[in-house]
Each structure stands twice: as structure tokens, then as C-alpha cells.
Amino acid sequence: MIIDGKVISQSLKDAMKIEVDALAEQYGRRPCLMVIIVGNNPASRSYVRGKIKATEYCGFDGHLVELPEDCSEATLLAEIDKLNNDPLVDGILVQLPLPKHISEDKVIAAISAEKDVDGFHPENVARLWLNQHCILPCTPKGIIELLDQAGVEIAGKKAVVIGRSNIVGKPVAKLLLDRNATVTIAHSRTKDLAAVCREADILVAAVGRAKMVTAEYVKPGAAVIDVGINRTEDGKLVGDVDYEAVLPVAGAITPVPGGVGPMTITMLMRNTIECFLNRMNNK
Ligand code: NAD
């Protein structure tokens, strides 16, 4: 089974569009997401375009704030402070990576935790690991949603996550654990990675190396979630999984593009609605 992130994402966005109209009726305003981009990184520009498009599609308020590449850290922090204090703004996202002269850690921590739609703020990260109410990071949240929508059972299953980054690997592992999977986090120092992965009923690859996960990594019938985004020499977008080789072995698989990527943006929309509701209901 191919898990079509595009189709699932579209139906979730359609439902949110209706929900947002109802929220506007009920609360007298729409959820508002502000996206900040610094500089002209082409990949970042393209990601931001997708986010703004989804914002418009779902009927949110908000827009893009564009700052030049040589914008100082102080200017960016002042912009964030202004949005933190704006009662009509529900979500703030600063597109990463930032130019070298700006501290990403400082910027992430400067966004008010209640408006942190990316779920990167240390307070939200801590709350996630403490099982407290928090804003979940979008990509891990989207992966769980994909598994649920595809009818893949998580509880009692063995999951292997390749990659231990703060934005993907670790939080995905935590969310799978919270759903009662038995989770192994594999990484660049894992010995005999293929054998470790072959144990998995659910295999999540979040590495950033094209076609690294071959058929020998996959237990027959396993669900394979490909988070990786890589460009081949001829400019083609591919994941971490050798899709053609793994497709006949896997029980379910996400393609790249069209798998986890669209879900990440859709979960950003979901988080914006949640931030709006938390703020309106003063949770
Ligand atoms: P990262 O570079 O922070 O982490 C990569 C992880 O892979 C590290 O923990 C490292 O230990 C592990 N690793 C590296 N080489 C390895 C090897 N040979 N064997 C086993 N493990 C190895 O990256 P990240 O931010 O977690 O992103 C991972 C990938 O997911 C990237 O391709 C990124 O572009 C993509 N990504 C996609 C989305 C999406 O929406 N689809 C969102 C975020 C990241």
C-alpha cells in the first residue's frame, strides 16, 4: 500500500477550511499565522511559499514577513517580540535555517511558547517529554497521522527510527512510544543498521541520505515512512528509501515527494488552529 500524503493532507485541509469558517463565526476572527523568512535561500523560499499557500487555503489570517539576509539578530528578535505581543497573532514561525550570524537557539527561544506552531521552543520540547499539554512538532505529528490514516497499528509493534535529531528523530520516537510501540532509535554509530531495521514493524528513516534504506533493511510487510529529502545529481527529489526496491517488500510505504512533506505543512495548519483555540479559551 502506498500511503498518499498528498491525498490525506488535502482531505485534512478541506476539513480545516470548514472548521476555520465556523471558528470565525464563533470567535469573531480567524486563526492568524505569521511566517518570517530571513534572506533568499531558494529551498527556504519554496517551503515558505507552500506554507503561505496552505494558510490561504485554510482561510487563516496572516502573512509573510520578509527580512533581508543581512538583517541583524536584534532586528529579528524585535520583530518576534512585536508578534508575541500582538493579541491577534496566534502562531509565529521563523523559517530555518537562518543566516550564520543569527543564533537559531536564541530565535527559537524568543518565540512565545504559546505561539510556537513549530513546536521547537524548549518549553514545548520539555512538555512533550514530560507528557504535558504542548504543541507537537509538525513532521513527527504528521507521521503519526499518516500511520493512523493508513490504518497501521502502532500499539505493541516494534518501531525503529533512523536518526536522532531534535526536530524529527527524537520526537517521532517519543510519539511512537506514547502510542505503546517498542522503539529503537538508530543513528550513524549503530552497528549493523540493516539487521536492526529488519526487526521493525514500523521503520522511520530520517537521515538525509538518498536511497540509504534498501530492501535488505525492511522486514516483509513493514510500514516504511520516508522522511528524507535529498536531491540527486540530476536535480530529482528523493527520500532516504530506495523506493522501487523497497515497494515490493513493504506492507505500506510513503513516497517522496508526496508523503511526509505535505503532512508537515498540514500539521502546521492544525497547530495554528490549536494555538488559536488555546489562546481563545485561555488554556
Ligand atoms: P539531521 O541531519 O539533524 O539528522 C540526521 C540523523 O541521521 C542524525 O541523527 C544522524 O545520527 C543520522 N545519520 C546520519 N548518517 C547516518 C547513517 N549513515 N546511518 C544511520 N544514521 C545516520 O537531519 P533532520 O533534520 O533530522 O532531517 C533528516 C532528513 O529529513 C533530511 O533529509 C531532512 O531534509 C528531512 N526532513 C524532512 C521533513 C519533511 O517535512 N518531509 C522535515 C524535516 C526534515
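This is a predicted model: local features need pLDDT of at least 70, side-chain atom pairs count only at pLDDT 80 or more; totals for chains, interfaces and linings use all residues.
Residues are numbered from 1 along each chain as its sequence is written, and side-chain values use heavy atoms, with hydrogens and water left out.

Helix H1 covers residues 5-27; helices (H or I, at least four residues) and strands (E, at least two) are DSSP runs, numbered from the N terminus. At the N-terminal end, H1 is capped by Asp-4, of which a side-chain oxygen lies 3.0 Å from the backbone nitrogen of Lys-6. Just after the helix, Gly-28 adopts a positive phi of about 80°.

Several residues of H1 are buried, among them Ile-8, Leu-12, Met-16, Val-20 and Leu-23, where buried denotes under 20% relative accessible area, exposed over 50% and partly exposed in between (1.4 Å probe, protein chains only). The cover over the buried residues of H1 includes helix H2 (42-57), helix H6 (138-149) and H10. Lys-13 is also among the buried residues of H1, and its charged end sits over the ring of Tyr-57, 5.9 Å from the ring centre. This assignment requires NZ of Lys or CZ of Arg within 6 Å of the ring centre and within 35 degrees of the ring normal. Lys-174 likewise lies over the face of Trp-129, at 5.9 Å from the ring centre.

One aromatic pair was found in a search of the whole structure. Tyr-27 and Phe-276 form this pair in an edge-to-face arrangement, with 5.4 Å centre to centre and 85° between the planes. Rings of Phe, Tyr and Trp (its six-membered ring) pair if their centres lie within 6.5 Å; planes under 30 degrees apart count as stacked, over 60 as edge-to-face and the rest as tilted. The pair links H1 to helix H10 (residues 260-280), its two members being 249 residues apart. Tyr-27 is partly exposed because its relative accessibility is 23%, whereas Phe-276, at 0%, is buried.

Notes:
Contact means heavy atoms within 4.5 Å. A polar contact is a pair of N or O atoms within 3.5 Å; within protein, one must be able to donate a hydrogen and the other to accept it, and residues adjacent in sequence count only if both atoms are side-chain atoms.
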